[in-house]
Structure formats: C-alpha cells, structure tokens
Amino acid sequence: MADKKKKTKRLIENEEDEEAGVTNPSMDEEAEAAQHQSGGESSVEQVDETHEAESLIKDLKTKHLSKQKELSKVKSPKEDLAKELRTIKQQSRDKVDETIRQEEAELSATEDGTVPMPTEEEELGESQPTDSIVTFAETTTELETEEAVVKKLKRKKEKVEEEEVLPLKDEDEETTKKEEAPPPPETVPPPQEEPPKPPPQEDVKTPRGLKASMKARLRKAKEEAAAEAEQEQKEEEKKERQLKRDKDKKKTRFDQPEVDEAELEEKTRAFKSRLKKKQPLEEKFRMELKSKGVFMPTAEEAFDFFTHDFEPEPEEPKPEVEEKEEEEKEEEEEKKEGEEEEGEEGEGEEDKKKKKEKEEDEVPLMEDVDEEGYGFYAVRKAEYDDTPETAKKEAEKLYYPSVTSVNAEEKAKILHDKQPRFLEDEGFYVGTRPKISGWNVNKMENRLIKELHREKWFGEDGRMIVLPNPLRPTPSRPPIPEEQEPGLEVQYRKAIMHEFDSRYIDGSLDNAGYYQLDVDINSLSFSHHHLFSREHVLATRLSQLYEEYMDRQKKNMAEYLSEKLKALKLSAVHLKDHMAAKKSEHNYADRSNFQKRLQDYKDEIRRARALRDKEEKTDRLLLKAIIKTWKDIKQQREKQKFINTPLKLQVITEETNKEFDLTQWKLEIEDELEEMEEEATEIYNRKKTEYEEALKKHAEQVKAKEDARVRIHKRSRKQSTKGSRASLGSKASKHSAENEPNPEEEAKDQEILNEPEIEIPDKPEEFNKEQARKDIIAKAKEIRRRPGEPKLYPEVTSTQPITEASKCPRGEQQRRNDVSKCEMFLKVLFNNKEVSRTSSKPLTQEFKLNFGQIFSLKIVQWPESITYQVYETSGFGGEIICEINSSIPDSSVTSQSVQLENLDFSSDHRVNHGHEGVGSGVPFSFGAKNEGTETLYTTGELRCSVAWAINDQGELLVPPSTQEQGNMFYAMRKMDPVTAIGAAGVVDIQKLAKWFEDSRLDPNDPANADLVYMLKSKGGESALLGPKEFFRLEQLQEEFNFCDDEAIDENKRFRLIYLRDSEVTEFKNYKMIPLLDRDIPRDTFAEYEKKKREEEKYKEEKDIESHRAAVSKFMQRVREQVIRRFRLLAHQRRLEDVINEEAVPNIALLGTSVLKLTERRRPLRVERKERKKVVPQTIDNVKILININRAVYVPRRVAASRGGAMTAREPDKAVKNIVGETQVQPFIEVMFQDVFLHTEVGDGPNPSYNEELEMPFKAPNEDYTPGNLQTVTDNIYLNLFDQVLIDIQEDDRQRGTTVHQRIEKKWLGGLTIPFSTVYFNGKIDGTFKLNKPPVLLGYTQGPDEEEGTSLRSNEENTYLSVFMTIEPPLQPPEPMRERFATTEDEKLLQYADNWEKTLNAKFSDREYKTTVIDVNGKTVFVTRYFKALEPPPDIFGSSDTEVKKMEVVARYVSMIPSVSDSVVFPGLCDIWSTCDQFLQMMAGDEEEHAVLLANYFLYMKKITWLIIGKGIPEGPTAYVMTEQENDYWIWNAGTGEHFSYRDSYCPLQSISCLINAENIWANVQQYEKPAQMNFDLSQGASWRSFFTRSFPNTGIASYQPERLYYKPTNKNAVLDLQEKIETLLKNKIMEWRSRLITRWNRHCTQIMRKLLPVLEENLGHSPGEQHLAELESTFSAYKVSGFPINMPYNEINPIVDAVFSTRVHAHDTSDVEFALAVYIHPYPNDVLSVWVYVASLIRSR
Amino acid sequence: MSQSSVFLLMVGGQIESAEFPDFDDIYCKYCFTFGPDWLVTSGLDEGLTQVTKKSRDDRQQFVWNFPLDITFKTTNPFGWPQLIVHAYGIDAFGTDVVRGYGVTHVPITPGRHKIRIPMFVPESSSQLQKLTAWILGRRPEYVDVRVLAQGEGREVTRVRSQGFLTVSFNVVMKDMKKLGYDVIPSEMSTSVIPESVGPNSGGTTET
C-alpha cells in the first residue's frame, strides 16, 4: 500500500512540478531523509506514520492540483491580485528556502515541546501586542521548538494570505457583500487548524519536564489572555455585530477576525523571520507526521476553539466548510510558491482540517437525522392542513434551488482542490454539451451540491457531467426492418370446410348427389277472406253445401241402403219360406240355425233401415239448407241491390207419379210397420212370459206366506190350549206331536213370512199399431219426399252476372277496390329457410289465386320440413297470413305420379273493414234478420304438391335411403328414442312401454339403451319399465356442491359462516372466523343453542318470574320475526341511501340563503356547531361526555345534634344553621358499564359543579355500527350522594393532633338515562328531576326557614342540570323510510303524506305523526290506536275522587316496565303495539304507555289527547294530556306523574301534535313549550287539524281490541318473589361488603315492612307523619339513613343494580347495622310494583 | 388461537397516476375494504394524496406516486381486500367536486401488478339536478364509498365514466399455501433459492 502510494505521490509531485513550473528537489530529499531517519531508528510507528503522512500528502497534492486549475480559471477580483500574489509568493519562497537551509544546519538542536500556536495567535489577535510579544519572546528564548517552526511557517503563510486577501476583502465589503466568490480568508481557521496539533504532541511525544512546565505556563498565560481577549473581543464584536446585524452572518463572522488577523499578521512578521532560522526541519516533519496520526483536541484547545468562536452560530457546518475551502485555496496559493515544506505543512494541516470538518459535519448531521429522519416511526392518519400550515410544512419539506451559479469554493471542494482539467483542451473528444440555460444548470448544480455523493456528478473540469446532446440536428426515423417478426407472420391456409355434418345428405357438400324436390304450387282459394262481402260468405256456404250435396249424390248412400234393405228383406222372406217349407226336414239343430239366421237378417234389416233413414234425413236437410242459403243469397242480393257472386242455384224438379208414389209410400210404411210389429210382438211375448212367470211366483209366495202364517197361528194356539186339549183326538195330538219337535220349521215359516214380496212387473203393453203407424208416418214425412212431391235436384252454376262496380254502392266499391289491390304471394321454406317465393298475384274477385308454379329445389340437406307462408300485400309491405306445413314426400312419390292435394289453412289474423268487407276474426251479422252475429276467420285451401323430381334420363332424384343412418332422424333418435319410434310413441309413453315389452327388445342391446333409460324407473327392472314421473331442473347442481348440507352443519366453521351470513344476532359481527375447525372455541354455539332450545320448550308456568321469562321469550320471537322481515327491506337500497345528491333547491330556500348572506354577522352570538358524524369502522375510544352543571334543592341534613332518627318532618324545628356548618355536601356519581366517576364534592343544597366527566364506552363486540349500537341496553346512572365525614377517632387524647375520619356516602336521589336515549338524540341537555325516595331519613327538603319562603311544589324535588353527549358523535341509525305494507286506504295515506310534508316544510323540527308501524310491520293510521278501554277494575281500591282514580290508573300504567323500541326492534324505532300486545309483552316504549293511559282515561270519560313531542330525558316521546277544569294536565305515562301545562318544570319540552280517536292536531304555533301554548284546538291559527271539512273523518275503526282481559296476579307467587328478592338483596349486600361483617336489624326491617304498603297506597308519595314518627321513635338510639326505592318489576337484575348504585352498603365499618325490606304490590295482569327499603343504622354514641 | 391458521397479505404499491381528460388539480382518497375475517396488522387503510396538476404534455397525466403499504391478517380469503380510490378536484368555480370513483381487488397472486382502474361518477338523477349540481358544485356522491366494494345497492345508481387511474401493487403473501389456498402456478411456487444467499454466508468485512 505504501509503495503504491509512494508511486502515486511521485507522480503527483511530478505533475505538480510540471504544473506549477517549479521544481524543488529538496522536498524529495527531505522525504527520503525522513524515511531514512525513521528507518534508521527502526521505529515502526514512525514508519507507519510516515507512510500515512505520505499518503495524505499525496492526496493533498492532487487536491492542490485541481484547485490550482480551478483557481486559474476563477474569474474574480482575485485575478487582479494574481500578479501581486506571485511576487509575494516569490519572496516568501525565497525566505523559506533560506529558512530551510538554516534549519538543516540547526537540525541537531532539536527540541521537543510545542507552543500551541493558536494561543499566541489568539492573543495576538486580540490586539494586545505586548502579550503576544512576551509569549513569543519566551518561546524564542527558552525553547526552539519544531512547533515554533510550524508556527512560523504558518505565520508566514497567513501573512501571505493576508496579503493576498486583504485588498479583496475591502473590495468585497464595499461592493457585493453577498457574493462569496472571493472568499475572505482566515477567520476561524486558526482555531480550526490548531487544535489538532497539540494532542499528538502530548500523546506521542514523551512529555518532558520542560515541555510540561512550558505547557502549563503557556496554558495559564493563554487562558488569561484568552479571557481578556474574549472580553475585549466581545465588546468589540458587539459593536460590530450591532452594525452588521442585518448583514450576512458569514460576513459578520469573517469580517471580524480578518481585522484581528491583519493586525496580528503584521505584528508577528518580525518574529517569524527570527524563528524560522531555528526550526529543525526533520523534527518538524516528524512532528507533522505524528500529529497527523492521532487527532484529539485537548481541553485547552477546545476551550480555545470555543472562546474564539463565539459567533452567533458557531457550529453551523456550512460556513465552516466554506472557511475550510477558503483555507484550502490559500494553501494552494502557497503551494504555488513552490515551497515544499510549506506545501507539506499545508497538506498536513489540511488533512487535519478535513478530519475536523468531517467531525463537525457529521455531528450535527447525525443529530438532525435523529430528530427528524430516523426517530420513532410514527403512524398517523392522513390529515388535511389548511394553507398556512401547509405552507409551513412545505417550507420544511421543500426547498427552492437557487439559480445563481455555484460558488467557486464549493466547486473547488468537489474537485478536491485539484486544478480543473479540461479534457477537450488535452485533445480528447468530449462531444458538444447540450444547450441548457444557465439558470437551469445552476439550479441543477445547486441541487447536486447538496447531495451526499456529489463528487460523482461533477467532472474533472468542475462542471456537471453531461452526456453529449443526443439530439440530431436533422430529423430521422428509425429504420423499419424488412423481415417481419416470425411470430407475427401471416400464413395463408386454405379455408377448410367442415367435413361431417349429419344434416347433409351425403355427409358433405363435395360429393353430393343431385337430389331435387319439386314443389308445385297450383292455386290458392279462400273459403273466407276478410274482404268477403256478406254475399260472399253466403255464396261460399252455398257452394260448400252444394259440393257436399254433390258428393253425397255421387255416393248416393240412401239409394244404396234402400237397395240393401230390399235385398235383406227378400232374403229374409226367402229364408222364412224355406223354413216353412222344409220344416219337417230339418232337425232341431238346423232349425235353430235357421232361426238364428233369420234373426240376423232381421237385425241387419233393422240396422240398414236406421242407416238409410239417417242418410235420407241428411240428404233432405242438406237440400233444405241449400235452398235456404240460396234464399238468403237472393235476399241479400235484393237487399244490397247488387250482385257480387256469379253463383246461381237452379232446382230441377222432376214430376212424379203421385199414385205410384203413394203406393210406394204406403207399402214402405206398411212394410216398416209390419217389421216393427213383428219386433214388438217378439218383445211383447218375451216380456209377457217374464211377467207371467213373475206373477206365478208371486202367487206362490203369497200362498206360502199364508200357510206359514196359519201354521204359526196354529202353533201358538196349540201351545196355549195344550193342557186343556190334551185329550183331543189322536190325530190332532199326532199332528201336534208332529209339530212340536219342529222348531226349525217354525223358523222357516218365519223366514218365509219375512221374505220380500216378489214384485209384479208391469204388464207389458200390447203393440199399438196405430201409434206406431203414426210415428212412422211422421218420421217418413220428415225425412222423405212426400208422395206426389216432385223430386228436387239443385244445380249450382256460376252464371249470374255480377253487377258492375260503377253501379254498386260506395262500400262495395271500396271493397272491390281493396280486393283488386290485394295481392298474394307464397314463400316456400325448406328446413325453415326461404328457398323461393312465388310471384305476387292479385286476388281475384272470386278470391282465388292461380299460381301454377313449380319450384325445383336442389337439396343437399335432409328435408325436415317444407312450409309455405302465405303473404298478403295491399299497397306496401307484406303481411304473413298463415303458415302451411306440407309433408315431406315419400321416396316413392315422384313428380310424375304426384297428385295435387288440397291443404287447408286458416289464420287467426284479425282484420276489420269499414266497408262491405266482413273482416276476419271480427263478428258480423247479416243485418235484417236479427239472427245473431257470426265470426269467421280467414280460411282457405292451397292446392299444391311436393314430389321428388325425375331427371331427363328418367332417374329418380331421391337421396338413397341407405343413407338413413346419417340422416336427421338418426341423430334425433340418438337423442330421443321416442322421436325415433314415431309419433305414436310420443303420444302415449305407456303405450311405448307396452310396445317395448311386446316387441321383446333386448334391454341389454346398446342400440336400445336410450329407450331402456327412458323407460327405466327407479326399480331398474324391465318389469318396472315405465316413464319417470319427474324431471330434474339442475341436474348438475350436485356436482358443484363441494359438500353436502350435513357436512356444513357438522362443520363448526361452515356453520359459523352461515350463521353470520344470515345475520343471527349472536354471530352478526363475528370477526376472524378461524380457518380451522379446531381453532373455533368449543363454546361458540353454546349460547345460541341454549337460546334455541329455550325457544322450543315454551311452556306455561305458574311462577311469575318464569312467566316473565316466557313473555320475554315471546317478545324475542316477535322481535326476531320482525327483524327477519325487515332485514330484507334493509338490504333493499334506494338512490338516497347510496348517493348523496343535492335536492333541487326551491325558490324560497334560495331566497333565504341569499338573505343569509346579507345578514349581519353576530360574532358574539354563540351557536352550537353541528358536529360531523363519524362513519363507523374508524371509531375507537368512544366516550360519553357528561357535563354536570349543578344541582338544586338538594335535601339538607337534619342536624346531627338532635340525635335519633332524622326525618323530613317538622322542618320548622330543624336546628338553625350556624354559619359555616355544612348543610350537605353533595356530589354526583356516574355509573355506566361498571365504571364509576364522580364529581368534586359540592357544598350546600345548591351546589355548582361545572365538571365534565368522560365515561368510556365499549360497544359489544367492538362494533360501532348503528345496527349494533341501538341494541345497547346499558343505562347511565347518575346518583346524587351526600358525602358525610364521620369522626372515628377512638382515642380522645389524639384529637388535637390526629384526624381520623371515615367518609360515608348517603344516597339522595338518582337518575337513570338509557344509553339509547343519548345515542338517538345525539345529546341530552337540560335540567332533570332526580328520582328521590319518598322518605329520606336524616334529610330535609325545601328552603331554609330562615329565608322565609313558603315551600313550593317544585322545591320538593331535586333537580340536576346535565349535558351529555357521545364523543366522537356516532352515526344514529337511519330510520326506516321504506313504505310498509298496509291495509289503509290509499287516499288517506296520500293525504297524510301531504299533510305531514306541508307541516314539516314549516316546522322541520316538529314531528308530526299520522301513521305508525304495528307489530306486524304494517303501516297503521295513528288514530286507530285510540279507544276507551277499561282499566282493571280492582285497582281503584279505596280511591274515591276522580283525580285519585286517575292517579291510580297512571300508576298502574307506570308500573309496566319500559323498554326502548330500539332495543325491542332494532332498526325500527317506531313500532306501536296495541294495548293487549303491550300488556302481554309487559314491555313497551313511551308510546305504548301513553296510549294505554289515554285509553284508560277515555274510558273514564275524560277528554284526553296523546301528545307527540319532545321531553327530557327521553327525546322524542309521547305524553298524555287531559283537560281538567281550567287546566290541562300533562301526564307522563312512564312515571305516572302529572303536571299542569303551566308547570315550567314539566319534563315535556315541546309539543308537536295532539292525537285522539277523532283527529290529529298539529301545533302550528310559534311556541312549542306547553306553558307558552294555547290549547284551544278549534283555533285554526294555532292548531291545524288533520280531518277537516274538506277531508272529513269517515270513521276509522279502532285497531285496539274490544276490551282488555286482565288475568289476576297470583298472590302467592308474588310473596315468593318478594321473599326471593329480599334474600337475594341481602346476600348481595353481604357479598358487596365481604370484607366486613354485615348485621341485620330485624326490628327496623319489620317497621319498614309495615311502612312500604302505606307508601304504595300513597302512590309513592310521602306517607303521613305518624309513620315516620314511629320509625323515628324506635330508633332514637341510632343514626338511621335509608330510603325506599320503587320500580316496576321486570327482572331482578335491575333491582340489584339500583340498590347497588345507591351505595348503601358502602359503609366501611363493621359497626353498622342494615335493614332491608322488600314489598311487592301486585296489580292485575302481573304488573308488580317493587319496593325496596334499605337503611343503615349506626348506633349513636 | 394458534397462529397457524392465519395468513398474511402484504400489499405495497403506489397510486401512480391517472388520466382525467378536461380536469385539473386532482387529489385522491383511498381506502381498503375487507371482509369480517380480515384485520389490518400494520399500515394505513385510508389515506389522502397530494393535489396534482396534469402534466403539460400530450399524455395529460396526473401523477401522484402515492405509496400504499398495508399488511393484512386473515383466516379466510372471503372478503379479499379491495382498494377503493376516489378522486376529487377543483371545478371551474373553485369548489371541490368528486371526479371519479374506482375500485379494484388487491391482486390475489404475489408479485408486481399494475392495474388500470376505470373511474366513474354517479350521475344526477335528473337534468335539472344536473344543472343545479353543476352550478352549486355539489355533485352527487356516494354516501359511503364502501358501497362500491359490494354488490348491494349498486343497482339503483347510474354512473358515467370519467377517466382512468393506475395503481401498482406489490403483493407478498405468507402462509397462504400452507393453509390450502393455492394461488400461484406450481412452476412459480417452487423457486430455487441459491444457498449462498443469506445472512450467514456473506460478509467478509474489509478493513
């Protein structure tokens, strides 16, 4: 390393020499000498040091070089000095040379020790020449140190600098003070350069005695001098600073020392020359080296440094840097002089300086970093700053780079003091620099200079390294390569036809054979068309009839049947004859055979006759119809006076021979008659035989019965006369004996008797010949031509001339016009693609079209369908009339063999015409006849044919049937076996199954697989083959189910996710559901499942408490039902929910807002600013701020001196208040979520607190969404306590010195505010009445008697002023704005909406209610809730007056527990339940209470309204108002209290509307406080009623039940409960004071027990005096403090809470006794009033 | 709860730039939304960028280069975080109006992703309101931007596109595969780490 450095050094030296043009061989020599020396001494240290020094020197040299370069370039006033400098340099160089020589001579006389030069300088600098001289004198005389040499050198250098710079400085000062370019030299440098030197001296050199003493002396002197100097300089500087304060700091700083320096320089010059001679060069050199090695400023140096550097900002790094640079420059200048020692010296110094600088640079930097950069990393939310702050911050973060050029020193430093090197000048190619404006370059340089590695940004020439300008002077484009990217190349490929398509006959198009279908469209004729006239309709009918007639005529069935009949008759006769003739010949079998044949003939004849009759009848009817229709036509033609159709009927009559006819007729009739007779006789005979037989049987039966009867009779008689006639004839006895053992016979007889009588059939009638004849004649007349009647042959011809159009009426003309305009064409569709169409043909007047076109279709696809579409065009556009499907011809049908066939078509097209045309699909009538209307649709016939063509060679162009496999049907069969089988199979799948079985197909044959599958039922056996009776919608759904439902149920995680998704309360806000099943706590579902189980086993129990539980379960069910119902609604959003959009402002609003602008500003008017509601999720650390202002009328203690129990009784006797005696020391304690906070202790009955308590609030599950918050049921308890200090000093002797007291809290009253109230209202502000126990032992209420004021009612109560809010404000839940289902009249609701809207526009803060939501989630009109309902009859008890009764009722209502709707129905705040529901649920909001109370009052015939308004602390609430004489009473249904409307302490703060069954009255008065209002409801200006004369109340039925049913309360259960509560409370109190002994005073308890029912009877008001007196007298020996608490019963926990919050138990002593009594007063329907009397008794001493 | 059933998602990146033709002076707010099983372990889930002017060149870009850095912890990929960006700007009357909403999921694969989010604004519900909104400078805005990250309630809105915003994400995941969620192709997931790399192997300290 050393070698290397050496080399470089050499190089540099050479360079330097070259550059400077000065050679100094002595330097090398010296260096070598030094090396030798050190080597000779073989001191490793020295060697090392030498090396180091050398390296440093080398560094310095390079720097010098660059600096020199730079300097040569610097354009500054310095240049002017250049000459001067050079001369001075020359001089100094000479001097130095001389000195060196001298030094060499004196080398032997080396001395150690140094004189710290700075001191001298300092001292000298302080313009104290004498001192300095002295010091120097010492130095010179006593020791010639190397240091001195150094000093001397230094001096010299400084001198040079001085010379060099002084003029500069002057110039500077005069001209541009800001310009730093010509740097004022030597200011701080001395202190900077010097400190480094001494330490090496101390450390490295062994301190010698001389040196030590020298040093000490020096130090002392220096210190003294420094102190003095400091003093003076300070003074001086002060002045100067004063002058230059506004000037640049740097300036101030540099200026001052300069002056000093200048003086110093001159003074020391003389010494230097002297000193120089003595300096031993080698020594000096070594010193240098050593000093370089270690650097450590001593204390004195530090001191020195600091004393000298007392500038305002001594540690600012930048100036120092600059200074340093300045020095460097100076040193360079020295070097130019060519003095080696100096140079080296300079280098050494510079080195030190650098180190120093580094240190100084670094230290503050590090600090900075610590402070701002890398300190604790703080995470903050993004904040928005307003402009000044932003500006400030920007100032910190941003800086604006200066546009002035970087000053030369900076640059010089970057170049490491080397001469700038210009490569271009040396012949290198550097390229042209891009043109950049000077400002920008400067800016960039300034920016870069600030950076850490700034060197690399600058080139050797000291300028920024800049790439040559990349821009070319001429525009150019990049060459585009000829060859394309291989990946992007496009290749040509021939299009590929898809080879196989089963629909093509031959598989593909390529090798297709020539197949052709000929479609012949012959003609089209309409049997009805919408342009038909009525005549046309009839004519068509006629021609149809005629056609039919002709058809029949052709067949001539009647004739044929007649002939057949004749033949049959003949053969029958023949057979008869034959039988008669050969009767004997035939055996029986033959005979019967003949007989049978005969019978057959007869049957046949009969049948033939019937058929013939039918045919004849039809013929005749047809004929008649033809004639009738013809008549109609004629009539029509007559009527319309023109002829439309060429149809003409001619009837050819053929005269007949009447005689012949008649005989024929008669013969016929006779014939038939005979036949009939024969048949009838036969029947008659058969029937007769039957009849006779029956008759015979009947007779037999009658006889048998008779016999039996006789026998029975006989038997009975015999039995009765047995004894007497025993001796009768033997025959008789024999008979009797015969009879006797025959009981069976008897039974048989009985049976016979019981037999049903055989019915005698009606006697068959004989054939009535006459009647039959008549019938036959009548029939014959109907169906047959009468004898003599001419035969009629109708003949329809088309010969009738048609009336010319011009002669027709207008309607007809129009019709004909339309017909001629109407054109038709047909489209032929092959496989649903149009292949051709006929030309458009006009419709003839006969409604026939002749196309006569044959279309040859060359086909490549299998024919699936051939369809014709009939289009009708009249004018523009075609309209499809109908589609006709044609069958695909069999392969045997060719165009040669094909017959035209008629295809009927019809269309449901509806057309109506204004003219004669009857239209289509519309009813019409023939007018005059009144025979009803007819509706005809367009129908017609198409004559056409489809056949396979035959080509010229006579080949049939039919696709080969072997291709069957590939055709469509095959493909279809693959899909659907049913199709393949054919239409029959489709119709009846059962049949198919049967066929399948019959045909014995192999079910295992894969060809039949489809069929088997199709028919296979679940059984899978062929016997069970049958169609499936279901089909699946999403067959693949199962495939996608990644597990089945059971798995989800079993898996805890899935279940949890599922439950969360369905927003089950317990899991709604479950966060971080674990991924793995095992991570889910086992008891996650425990609660949920328990609840489920409980819900399931719902059973009635007698116990009251369990009844309550059941009710609460019921409520829960209702609630969940409601929630579920509304969950859906809640998830349906409307635009307003999603988008915040400004409504269109109306003019009035605009006006007011404009007015607002012009309004005078009232800075002193305090207005509460709306706080911004916080969106959940970001919330944490929510607090409830409770600001307690003051309390008034706090009960005062009754002076303790009286002894015994102190009561509120006899206030006038209360001990006088001695001034200073505390009446009471109340404070407020707030309890919420088990956190207690309390105010300071106040003094006196009207304390003022003005304290703000911050109550932390924790939402369940840490979820601050409105949905969750509104279910919070916690209450905020505010309790007023009296703090009592009790002296518990045991030892009287200590009383003088020790205070020993116990603090006791005495509960004076409390206030409970549900959290939901605060949450919904945002804030609660007001003066509240405290709930005070009716009896407060030991305290008195009311004013001091000294004040002499009478006790007013409001002074009985204690009031508390409180402001409460939540911080940060939480978003209240959005009310449901959804319109619910309703059964109300739409009109009513609409009116209600309007009414509300108009009122709200005026009074936006008043709540007007017209509709509410009931438990079922339906909107109900509010007046429906009012109806007189009977209160439970047995509550009145002894109360006699009406007011008393009302109070009792109010108390009853108030004893029903109150639960906020939001808790019951979260998300829905305004649900009103009816009174029966309310009584069943035993919980409800203010509305329910109020409605019930109002209904009771209505029953009591009071004039009652429901008030909707705002109260404290509830916020929006409902009260009841009754009219008393000259007064209105406002009832708080929740507490049972009532107030006069004038009462200013009424908790009701505003009234927005009154409601009763008849009407709703909205308050439109200016004021809304009850006391300020006018209650004359008839005044329209004050009250706006809902139902008015224009919109009267039409009697809206009540929604309430007919009457309420109260179930009696179980007294025993109540007693049990009472017991239970008492035990529980006692246990609790003992538990709360588990540290101490709790004693119970039974006696007191008993007295209290007696007292409590009295309190209840007094409706919670204070009982009579005597009760208290009793209590008092009993406990004269005690200090009693206690009170009764009253509350409705809902659950036990609130009672415990309430007792706990009174802190009765909090007596921190065991000396106390307690008394606790519980009384429950049962009201009907399980309404319970719970009284708890707690007291603490302390025995008075 | 054992730590094993949690995976981490680290998201770094930048809101780089945006294109909003015809607008100027735009700044952005962003927030992350995520499902109930997600938790932010470090970093900010909401932020506000500086105001930027559009570049005076043809690209007309708004550049913020606003860093995002957030780490999530979760047990369940359901409710994967989404970035909602909403841009605001000053209109002709100097009022602050919304210029666009955009939303994107954080990429589900590790690595660097650059996403161009189309931005849109809700439309006024009537022409008259459009006019008044323009005059008063109170355009329709989303009540809660988190609506954008969910499907519910979007159907009632009508929106118009406004521009684009470019966001880059650098996503790092931990333990995701361990828990059975494989988001990376297999050839990527098994990368070879040279053995020499690591804190122990390197480091010959030179004097």
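The structure is a predicted model, in which local features need pLDDT of at least 70, side-chain atom pairs count only at pLDDT 80 or more, and totals for chains, interfaces and linings use all residues. Residues are numbered from 1 along each chain as its sequence is written, chains are lettered from A and ligands numbered from 1 in the order in which they are written, and side-chain values use heavy atoms, with hydrogens and water left out. The model as a whole scores ipTM 0.76 and pTM 0.45.

**Confidence**

- The mean pLDDT (the predictor's confidence in each residue, from 0 to 100) is 69 for chain A, where 61% of the residues reach 70 or more.
- Within chain A, pLDDT stays under 50 over residues 313-323, a stretch for which the model has 25 contacts (heavy atoms within 4.5 Å) beyond four places in sequence.
- For chain B the mean pLDDT is 84, and 87% of its residues reach 70 or more.
- Confidence in chain B is lowest in helix H2 (residues 186-189), at a mean of 58, and highest in strand S8 (residues 111-122), at 93.
- Over residues 196-207 of chain B, pLDDT stays under 50, and the model has one contact beyond four places in sequence for this stretch.

**Chain A overall**

- Chain A contains 49 helices and 37 strands, where helices (H or I, at least four residues) and strands (E, at least two) are DSSP runs numbered from the N terminus.
- Of its 1741 residues, 44% count as buried, a word that here means under 20% relative accessible area, with exposed being over 50% and partly exposed in between (1.4 Å probe, protein chains only).
- Among the contacts in chain A with a separation of 6 or more, 76% come from residues 24 or more positions apart.

**Two sheets in chain A**

- One open sheet has four strands in the order S7-S1-S13-S10 with antiparallel pairing, where two strands pair if DSSP finds at least two bridges between them.
- Its edge strands are S7 (848-859) and S10 (901-906) of chain A, each of which pairs on one side only.
- Strand S1 (residues 515-528) of chain A pairs with S7(A) in the antiparallel sense over ten bridges, and A:Ile521 stands opposite A:Gln853 in S7(A).

- Helix H26 (residues 810-821) of chain A has twelve residues and reaches 16 Å from its first C-alpha to its last, close to the 16 Å expected at 1.5 Å a residue, the expected span being 1.5 Å times one less than the number of residues.
- The buried residues of H26(A) are A:Glu812, A:Arg815, A:Arg816 and A:Val819, and because they cover an arc of only 95 degrees around the axis, they lie on the same side of H26(A).
- That arc is taken from the directions from the helix axis to the C-beta atoms.
- An α-helix has 3.6 residues a turn, so residues three or four places apart point the same way.
- The cover over the buried residues of H26(A) includes helix H19 (534-555) and strand S4 (822-830) of chain A.
- In helix H1 (residues 127-136) of chain B, the buried residues are B:Gln129, B:Thr132 and B:Ala133, which fall within an arc of 105 degrees seen down the axis and so line one face of the helix.
- H1(B) is followed by B:Gly137, whose phi is positive, near 70 degrees.
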